[in-house]
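I opened a new notebook page for this chain.

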Amino acid sequence: MEITFLGTSSGVPTRTRNVSSVALRLPQRKEIWLFDCGEATQHQLLRSDLRTSQIRRIFISHMHGDHIFGLMGLLASCGLAGTVSQIDVYGPPTLDRYIASCLRWSVMRLPYKLQVHTVEPGEVFSDGEFTVTCRLLHHRVPAFGYRVSESDRPGRFHVEKAQALGIPFGPLYGQLKQGKTITLADGRTFDGRDFCDPPQRGRSMVYCTDTVFCESAVELAQQADVLIHEATFSHQEADLAFARLHSTSTMAAQVAAFAQVKLLFLTHFSARYAPGNPVQVEDLLAEAQAIFPNTRLARDFLRYEIPRGEDAPQDNLAIPADKGDVISNRGEEKTVVVAQKTAPVIAINRATRQQMQQKLGIDAATANAILERRRQQKFTCLEELERLYPQVAWETLNVAF
């Protein structure tokens with residue numbers, strides 16, 4: 001299960017962030033599931049290593065344009081490419097009428113089967129290997145959060161142990177793998193659980209946007225491996241968040257803490273936090289990490305593979321709140337401390353070669369090349385730096401232009 005962020009801005013795109021869309025790639029079945037499809041999502045797909053021919057399911061959170069205006073263009077392109085046989089689209093009431101109207105008035109004919117499903121709170125899809133459930137969030141229009149849960153897998157079967165005990169190869173091995181008890185012709189009895197490692201817990205991903213803090217998001221995200229939650233506003237603009245029914249960074253962190261998820265990704269940032277503005281998305285990260293330490297910032301084209309079992313990150317505990325700003329805590333008032341940034345700051349337009357070498361761990365030639373490219377305005381955003389110099393761990397740094 002690999003997550004790729006295709007759009008992480010709210011409302012309107014910026015120079016470095018497109019509007020909402022997240023892709024979940026399931027390599028074992030060569031499928032891609034999309035969550036929301038804002039304008040130009042298909043352009044983002046072209047710039048990624050994802051194949052539109054593998055898109056099988058699309059889950060729409062709600063009917064606001066920054067989450068659906070790319071849907072019809074993508075469906076049309078999939079039809080022109082002739083590489084898909086069926087796409088299932090899931091979403092709130094009126095999504096089916098929206099799609100039908102677009103098909104009608106654009107005189108669009110799709111050469112593949114398009115199935116539109118109106119969702120209600122509860123199970124949306126299940127095929128034995130993956131289950132998708134949804135909950136109604138709290139926004140200005142009906143908006144749903146989605147959870148993808150992978151089924152548990154049987155633990156490793158120790159064939160060598162069965163062979164050493166003289167258990168004949170064949171159907172009996174299958175019964176042992178299922179944890180059943182078998183009896184051999186000589187009367188010996190074996191418990192399948194003695195030949196198998198403990199089951200591997202299935203992975204899970206939760207997608208919540210757009211919403212203000214609500215209990216249903218906490219319930220949906222319980223003990224998830226990854227929670228992707230909107231953080232449209234900083235904590236200092238909580239009044240705007242409540243007025244527009246969006247979340248602040250601290251609200252997203254509260255959901256993660258209460259739900260005891262393993263990792264939180266913040267996304268859906270207001271354009272007011274674009275590079276060059278007084279408040280940056282890194283400030284939102286610091287606010288969230290004060291409550292939920294294992295928080296990361298999403299950015300366009302960031303990929304994250306959800307680890308399985310023992311490779312998964314450790315559970316997080318909320319930092320005890322004892323002083324600081326007042327935030328809403330499940331209907332009560334609670335105080336939190338907003339942490340300071342700890343990652344080293346690299347001011348690309350002002351940094352000396354020695355500073356860059358020391359902080360980035362690069363040689364003098366690379367440092368000089370970066371500074372010269374910046375002087376010539378050859379790049380203006382972190383994504384361009386990452387493409388030019390992939391050897392640098394840019395995600396661990398606060399880069400200022």
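I am working from a predicted model. I traced an open sheet of 7 strands and wrote down its order as β7-β8-β9-β12-β13-β14-β15, with mixed pairing. At the edges I found β7 (122–126) and β15 (295–297); each has a single partner strand, so one side of each lacks a neighbour in the sheet. I noted an average twist of 20 degrees from one strand to the next.

Strand β9 (residues 144–150) pairs with β12 in the antiparallel sense, over 4 bridges. Arginine 147 has valine 206 in β12 as its bridge partner. As for helices on this sheet, α10 packs on it and touches β14 and β15. The direction of α10 makes about 170 degrees with that of β15.

Entry 2, another sheet. I listed an open sheet of 7 strands in the order β6-β5-β4-β3-β2-β1-β16, and its pairing is mixed. Here β6 (113–118) and β16 stand at the edges with a single partner strand each, so one side of each is left without a neighbour in the sheet. The twist in this sheet averages 20 degrees from one strand to the next.

I went on to the pairs. β2 and strand β3 (residues 31–35) are antiparallel and share 5 bridges. Leucine 24 stands opposite tryptophan 33 in β3. Helix α3 (residues 71–81) packs on the sheet and touches β3, β4 (55–59), β5 (86–91) and β6. I recorded about 165 degrees between the direction of α3 and that of β4. Helix α4 (residues 95–105) also packs on the sheet, touching β5 and β6, and its direction makes about 150 degrees with that of β6.

How many of the residues of strand β1 are buried? I found 6 of the 6 (residues 2–7) buried, so β1 is largely enclosed by the rest of the structure. β1 pairs with strand β2 (residues 21–26) in the antiparallel sense over 5 bridges, and glutamate 2 has arginine 25 in β2 as its bridge partner. To strand β16 (residues 303–305), β1 is joined by 3 bridges, and these two strands run antiparallel. Threonine 4 has arginine 303 in β16 as its bridge partner.

I found that the axes of α9 and α10 come within 8 Å and cross at roughly 35 degrees. The crossing of α9 and α10 is right-handed. In the contact, Ser249, Thr250 and Ala253 of α9 meet Leu284, Glu287 and Ala288 of α10. By class I counted 3 nonpolar, 2 polar and 1 charged residues there.

The largest nonpolar core has 36 residues, of which Leu227, Val261 and Leu266 touch the most other members. At least two residues each come from β12 (204–208), α7 (215–220), α9 (249–259), β14 (263–267) and α10 (281–289). α9 gives the most to this core, 7 residues. Apart from it I logged another core, of 29 residues, including Ile3, Leu24, Val132 and Met205.

I read off 13 helices and 20 strands for the chain. Of its 401 residues, 50% are buried. Among contacts with a separation of 6 or more, 61% come from residues 24 or more positions apart.

Terms used
Residues numbered from 1 in each chain as written. Predicted model: local features only at pLDDT ≥ 70, side-chain atom pairs only at ≥ 80, totals over all residues. Heavy atoms only, no water. Core = buried A, V, L, I, M, F, W, Y, C linked by side-chain atoms within 4.5 Å. Buried < 20%, exposed > 50% of the residue type's maximum accessible area, 1.4 Å probe, protein only. Pairing = 2+ DSSP bridges. Axes fitted to C-alpha atoms, helices over the stretch in contact; angles between N-to-C directions. Left-handed = near helix turned anticlockwise from the far one by under 90°. Contact = heavy atoms within 4.5 Å. Nonpolar A, V, L, I, M, F, W, Y, C, P; charged D, E, K, R; others polar.
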